[in-house]
Structures are given as C-alpha cells and as structure tokens.
Amino acid sequence: MNTQQQIRQWAYVVVGSILIATAYVLFITPYRIVPGGVYGMGVVLNYLFPKIQVGTYGLSMDIPLLLIGFRLFGARFGAKTVVAALLTPVIMDGMTWMIGSDPATMLGGKIDLAGDVLLSCLFGGTLLGAGVGLILKTHATSGGTDIIAMIASRYLHMPISRAVLYVDSLVVLFGLAVLGDWRLPLYSLVTIFVSSRVIDYIVDGGSGDKLLFILSERHAEIRDFILDGLERGGTYIKASGMYTGADKEMIFVVVSRREVSLIRDRIRQVDPEAFMIVVDAHETLGEGFKTFEKP
C-alpha cells in the first residue's frame, strides 16, 4: 500500500470517528435512542448516572474489549481499530463539553428535534452509518460490540452478522427495561435500519454477500489467502480460454461484503493481471452463512 492510500485510509478512520460522535451527540443521546453497541449501552448508563458522559462509558467498555480481541484474534485487530475505538469516545465527550447535551440549548436550539424524534433517528442513523462505513472501508472496526460479536461467532459457530444482531438486540432490550418507554426501542430499530443501509452503500453499494469468479495464473496464492487469511472455503471450476483454448483454474467463492475489499487488495498485490467478477448473491445458504431451515 502506497503513502497516498495510507493517508486516505487514516482520513477515513478520523472522519468516520467524527461522524459517529456527531450522530450520538446531536441526534441519538439527547433523545435516549439506544441503537445497540457500547455507546447505546452508554446512553442507558448515562440516563442512570448522568454525571458520566456516554463517551466515557464507551471508552471504559472499549478498552477491555480491545484487550480481549487482541488476545483472541491477534493481528486481525490493527492500529486503525484501536484508533477508531479510542478516538470516537474522546471526540464524543469533547463535543458534549463544548455544546452541551440539552437539545433546547445545543447550538442555540437550532437542531432541537424534541417534537420530531423520528427525524432525529433518520439524521442520527445516516451519520452513524456513514461513520461506521468509512471505518469498515479501511478493514477496521469501530470496536465495541463488533468484538463481542466476533467472539460469539467464533465460539457459538454463527455468522458475524447474526451475532451482531443478537448483541445489539440485547442492548436495545436493556434500554427498554431501564428507560421504560416502549416507543424508544422502535426509534432505536429505525436508527439501526437506516445506519445499516448506509453502511451497505458506503462499503459495497448496498448488496449483501458477494459471489466472486477469479481467474489468475497465480491462483494458488489467492487460494491460500482465501483458506487461511479469510478462513473461507471455495471451489475450483475447470475453464478454458475461448481464444487460446488453454486450460485454466477459475476460483468460485462466496464472501461477505466486508471481505470483498480484502480479496481485491490481495489480488492487486499478487497478480495485477488477474480477472475478477463480483456478483451480488441474493441469498447464501450453508456453513458460514445463513443456515437451512429445518423442515
């Protein structure tokens, strides 16, 4: 990766952290919306103990989770994940200190949406999704419940997407039990839905799983990366060139949207002359993805 690419990726991490912090400070925390994650948990705890800010709660949970993540996953947790997980709560607390937390007085009351909480869900979800999406584009995560989901996926043998859903759902239910307002989970679900759609569009244009067809003279190195680096399976398909008639090995593999950029970067390093087709997979059933329903 050249210097320009590194600068761009670090810029994504910083801008993404700012967007996440802005979403919480302006549109999520003031209205007690709980969109899952450690900061959603922080919103609930801030309601119980308001002297401590949401960012501080998030930071206190992120640090031990990062340490656990490093212990279990090692190099998969790079510097960008650490910076995103630490920078976001610091910016969040800094913004709260500067502009306050009361919508009626924040920025002169110009963005007071107390009478239209649904609109705050849309704004907050959009900013939150944009921030998380930018961080995901750098092959990092924003920390927090993503780490819990990865642990659950590893030991309970379920897809990470489902583990994230379960973890965030528990946080939302905890918010319902503490805050006691049945409308807040509905607002939280709207925020989660909007942010997830924005993440999809930023990361890969909005689709789910991806179906890859890869032709390369150095297919063995790409195969090793898929098997060992991504811990995915795949299939070789016998193919032949229409013009040359030469026999070829074509790799057929289904990956998550987050893994497409990893494979693309690896192929760029191994064989820039390779040929790859990326196709949207409407539904993927089998090990590592959605399971078949029992009859």
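The stops below take in the cores, a helix pair and a hairpin. Keep in mind as you click that this is a predicted model.

**Stop 1: the largest nonpolar core.** Select Tyr24, Met92 and Leu128. Of the 38 residues in the largest nonpolar core, these three touch the most other members. Which helix gives the largest share? That's α1, with 9 residues.

**Stop 2: around Leu128.** Stay on Leu128 and show its neighbours. Leaving out residues up to four places away in sequence, Leu128 touches Ile20, Ala23, Tyr24, Ile28, Pro35 and Ser195.

**Stop 3: the second core.** Next, pick Ile226, Leu230, Ile263 and Ile267, which are among the 13 residues of a second, separate core.

**Stop 4: α9 and α10.** Select residues 219-229 for α9 and 257-270 for α10; their axes come within 10 Å and cross at roughly 150°. The cut-off for roughly antiparallel is over 145 degrees, so α9 counts as roughly antiparallel to α10. The crossing of α9 and α10 is right-handed. To see the contact, show Glu221, Ile222, Phe225 and Ile226 on α9, then Leu262, Ile263, Arg266, Ile267 and Val270 on α10.

**Stop 5: the hairpin.** Finish with strands β2 (residues 235-240) and β3 (residues 247-255), an antiparallel pair with 6 bridges. Click Ala239 and you'll find its bridge partner, Lys248, in β3. Between the strands sit 6 residues, and Gly245 in this hairpin takes a positive phi near 75°.

Terms used: Residues numbered from 1 in each chain as written. Predicted model: local features only at pLDDT ≥ 70, side-chain atom pairs only at ≥ 80, totals over all residues. Heavy atoms only, no water. Pairing = 2+ DSSP bridges. Helix = DSSP H or I, 4+ residues; strand = E, 2+ residues; numbered from the N terminus. Core = buried A, V, L, I, M, F, W, Y, C linked by side-chain atoms within 4.5 Å. Buried < 20%, exposed > 50% of the residue type's maximum accessible area, 1.4 Å probe, protein only. Contact = heavy atoms within 4.5 Å. Axes fitted to C-alpha atoms, helices over the stretch in contact; angles between N-to-C directions. Parallel < 35°, antiparallel > 145°, perpendicular 65-115°, else oblique. Left-handed = near helix turned anticlockwise from the far one by under 90°.
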